[in-house]
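Reader: I have a protein model open on my screen and would like to learn how to read it. Could you take me through it one feature at a time?

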Amino acid sequence: LLLAGIAAVAIWTWWTVRGAVFQSRENRIFDNQALSDPERPSPTPRVPPPQAGALVGRLVIPKLHLRAIVREGTDDDTLDVALGHVPGTALPGQTGNVGIAGHRDTLFRCLRNISKNDRIVFQTTYGSYTYFVERTNIVKPRDVGVLAPGTGSEITLITCYPFRYVGSAPDRFIVRARLGSAR
């Protein structure tokens, strides 16, 4: 039992340190690649769809002290160390819905404290886009309609719910925000 306990702690430590080291290194790299004037975004970025695992940008939620790298894809390798851009959804600044997924027990744990009108900033190498939270809700995992594009530029953050659930969570926590000003 002692060896099993030591092994479990070692695995948890490796998993936690791996994510923290990845985020630190990738944030430094992103800072070096970002535009010199990140507050002046391109009105309609014309960028090709990213390849699986490619850097998409950085998601910042100031109120929650979240600053996390976003990679293309939602596979386990991506979500173990970063947030994942849902393939097929819009990119920041484009008309449509930007889908971002993350684990509830790592980078998106803080989402439990998000509120209406909170600011979400998506930084890319081609500009910075500020979204404001309109609503949160809880849906079943099969409800992919939350990723449907609206009439403007939106972002949807997705994580498992409940936040303190042990094992595979039965629901999804959704945060929907719109590009522009708070309402």
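Author: Gladly! Let's begin with one residue and what surrounds it. Setting aside neighbours up to four places away in sequence, R176 is in contact with N97, F132, V133, E134, R135, V146, A148, G150, E154, I155 and T156. Please keep in mind that this is a predicted model.

Reader: Where is R176 found, and is R176 buried or exposed?

Author: R176 is found in strand β8. To judge burial, look at the relative accessible area: under 20% is called buried. R176 counts as buried because its relative accessibility is 9%.

Reader: Which polar contacts does the side chain of R176 make?

Author: For this, look for pairs of N or O atoms within 3.5 Å. A polar atom of the R176 side chain lies 3.3 Å from the backbone oxygen of A148. The side chains of R176 and T156 are also joined by a polar contact, of 3.5 Å.

Reader: Let's follow that to T156. Which strand holds T156, and how is its burial described?

Author: T156 lies in strand β7, which covers residues 153–161. Its relative accessible area is 0%, so T156 is buried.

Reader: Which side chain makes a polar contact of 2.9 Å with the side chain of T156?

Author: That partner is N97.

Reader: Now I'd like to step back. How many helices and strands are there in the protein chain?

Author: There are two helices and eight strands. Read from the N terminus, the elements run α-β-β-α-β-β-β-β-β-β. The radius of gyration is 17 Å, close to the 16 Å that the globule rule gives for 183 residues, so the protein chain is as compact as a globular protein of that length.

Reader: What does the C-alpha trace span along its principal axes?

Author: The spans are about 60 × 35 × 30 Å. As for the interior, buried residues make up 43% of the 183 residues.

Reader: How do I find out whether contacts link parts that are close together or far apart in the sequence?

Author: Take the contacts with a separation of 6 or more, then ask what share joins residues 24 or more positions apart. In this protein chain that share is 61%.

Reader: And what about the surface and the charges?

Author: The protein chain exposes about 10000 Å², and carbon and sulfur atoms supply 57% of that area. There are 22 positive and 15 negative side chains, with the centres of the two sets 4 Å apart.

Reader: Can we look at a residue in a helix as well?

Author: F30 is buried, because its relative accessible area is 1%. Not counting residues up to four places away in sequence, F30 touches L55, G57, R58, I69, Q123, T124 and T125. For a sense of distance across the model, the C-alpha atoms of F30 and F173 are separated by 28 Å, and these residues are 143 apart along the chain.

Reader: Q123 is on that list. Where does Q123 lie, and which side chain makes a polar contact with its side chain?

Author: Q123 lies in strand β5, and its side chain makes a polar contact of 2.7 Å with the side chain of R58. Beyond four places in sequence, Q123 is in contact with F30, G57, R58, V60 and S128.

Key. Residues are numbered from 1 along each chain as its sequence is written. This is a predicted model: local features need pLDDT of at least 70, side-chain atom pairs count only at pLDDT 80 or more; totals for chains, interfaces and linings use all residues. Side-chain values use heavy atoms; hydrogens and water are left out. Helices (H or I, at least four residues) and strands (E, at least two) are DSSP runs, numbered from the N terminus. Buried means under 20% relative accessible area, exposed over 50%, partly exposed in between (1.4 Å probe, protein chains only). A polar contact is a pair of N or O atoms within 3.5 Å; within protein, one must be able to donate a hydrogen and the other to accept it, and residues adjacent in sequence count only if both atoms are side-chain atoms. The radius of gyration is taken over C-alpha atoms; the globule rule is 2.2 Å times the number of residues to the power 0.38. Contact means heavy atoms within 4.5 Å. Accessible areas come from the Shrake-Rupley method with a 1.4 Å probe; for residues, only the protein chains shown count as cover. Lys and Arg count as positive and Asp and Glu as negative; His and the chain ends are not counted. The place of a charge is taken as NZ of Lys, CZ of Arg, CG of Asp or CD of Glu.
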